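Thank you all for coming.

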Amino acid sequence: EWQPALKNVSSSWDVGIIDGLSGWTTSVDDVPADTISRRFRYDVALVSALKDLEEDIMEGLRERELDDSICTSGFTVVVKESCDGMGDVSEKHGCGPAVPEKAVRFSFTIMSISIRVEGEDDGITIFQEQKPDSELSCRPLCLMFVDESDHETLTAILGPVVAERKAMIESRLILSVGGLLRSFRFLFRGTGYDEKMVREMEGLEASGSTYICTLCDSTRAEASQNMVLHSITRSHDENLERYEIWRKNPFSESADELRDRVKGVSAKPFMETQPTLDALHCDIGNATEFYKIFQDEIGEVYQKSNPSREERRRWRSALDKQLRKKLKLKPVMRMNGNYARRLMTREAVDVVCELVPSEERREALQKLMDLYLQMKPVWRSTCPSRDCPVQLCQYSYNSQQFADLLSTTFKYRYDGKITNYLHKTLAHVPEIVERDGSIGAWASEGNESGNK
């Protein structure tokens, strides 16, 4: 039972898997509407997840020596939401209905359950998900045949999910756990999104925009000049306000002035996400960048003005050949997580350095990688203050050193431009860790593994 009863959500409790379009059937064209999406009702899925954790909750109360007969209210459940597109899911042979060949999967993970006890200021945590980045803790909510770039269809299907989530934030769940009725409230944090999805949900321009960051208002040029000193300013509410300004243009400005005022918010934000950094794609984005630096260093680009495509191709094949020979690392079409992890090692840099002519440049490359490897555990680990306290303390210093190297030795690559994830890695990691306690735990990895 929910108190007060959920608005916009039907009161029937025997709900199984429902048609994800929930009444929008007429709005989606070209596709037989009954094939396009399936989902659980959000409140029912959460209740089911809590019932799965019933033993853990009771165990947690016992461990904390709390009398379970008094603990009937004041439970807070923190839920991580993830959503990701799934590329090519076409039928390889067979003749099902004509549906889009891409899919999107939305899922949630119960991160922690805590309880407020009278006389205590802080909540006492009675359940903490030990593997928040695993597909085992990641519960699917909605599967849809939609291309994640098709904003209209995506919003049509996720609209009801947003409505249910909003209703649950304003209500309390009364649920029998351990034989007693207890009251739970839910906090939802949408952190398991890659940058493309965040930009889409929050109404920002696509990732090639001059507004490079989903956390701050910096432009690409500013971010490459000042690599480290930025703080998180964007929020869902602010994006909504900016969208209204964009829509109404109250000061009758030109398109450029208006765009500058709203910092690249040009569509209506429709789902609240928590501004954070996606650890997996951060790895992939930075590895792609290092892969390009390696090529440039092999070709000594710092001495030349723009080299021809032919030359670039030569350096690339030399790099691939060396990596394959020495590290058994096969070239990939698109950077993936496994390749990124193997490439971003001291071993890989030493192998690449064999092809770099100048001693001085070799040292710079090795130093760059050493700093990176010092920084990486901070956004990868589930609990940095426990797993890598030293690296956490040194993070700001290391990122400053890293930025100095980029803006001096590697200036040819970072003059007026920098990649989105590199900016976030250098500028925002400490602030996010301070706020959330972890980046890795809130990333999209579990959802990605579930997609597989």
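This is a predicted model: local features need pLDDT of at least 70, side-chain atom pairs count only at pLDDT 80 or more; totals for chains, interfaces and linings use all residues.

By class, the lining of the second largest pocket has eight nonpolar, 12 polar and eight charged residues, where Ala, Val, Leu, Ile, Met, Phe, Trp, Tyr, Cys and Pro count as nonpolar, Asp, Glu, Lys and Arg as charged, and the others, Gly among them, as polar. Residues are numbered from 1 along each chain as its sequence is written, and side-chain values use heavy atoms, with hydrogens and water left out.

The second largest pocket holds about 600 Å³ of space, and of the 28 residues that line this pocket, Met111, Ser112, Thr125, Gln128 and Trp442 are the closest to its centre. On a 1 Å grid over the protein atoms alone, a pocket is an open set of points with protein on both sides within 12 Å along at least five of seven lines, a cavity is a set where a 1.4 Å probe fits but cannot get out, and lining residues have an atom within 4 Å of a point. Grid points are joined across faces, edges and corners, and a volume is the space filled by probe spheres set on the points.

Where does the second largest pocket lie? Domain 1 (2-193) and domain 2 (195-451) both give residues to its lining, so the pocket lies between them; these bounds come from an automatic or database domain assignment. Strand E5 gives the most to this lining, with four residues, counting helices (H or I, at least four residues) and strands (E, at least two) as DSSP runs numbered from the N terminus.

The largest cavity has a volume of about 160 Å³, and among its 21 lining residues Val198, Thr214, Gln274, Pro275 and Thr276 are the closest to its centre. Its lining, too, draws at least three residues from each of domain 1 and domain 2, and the largest share, three residues, comes from E9.

The second largest cavity has about 30 Å³ of space, and its lining divides into two nonpolar, two polar and four charged residues.
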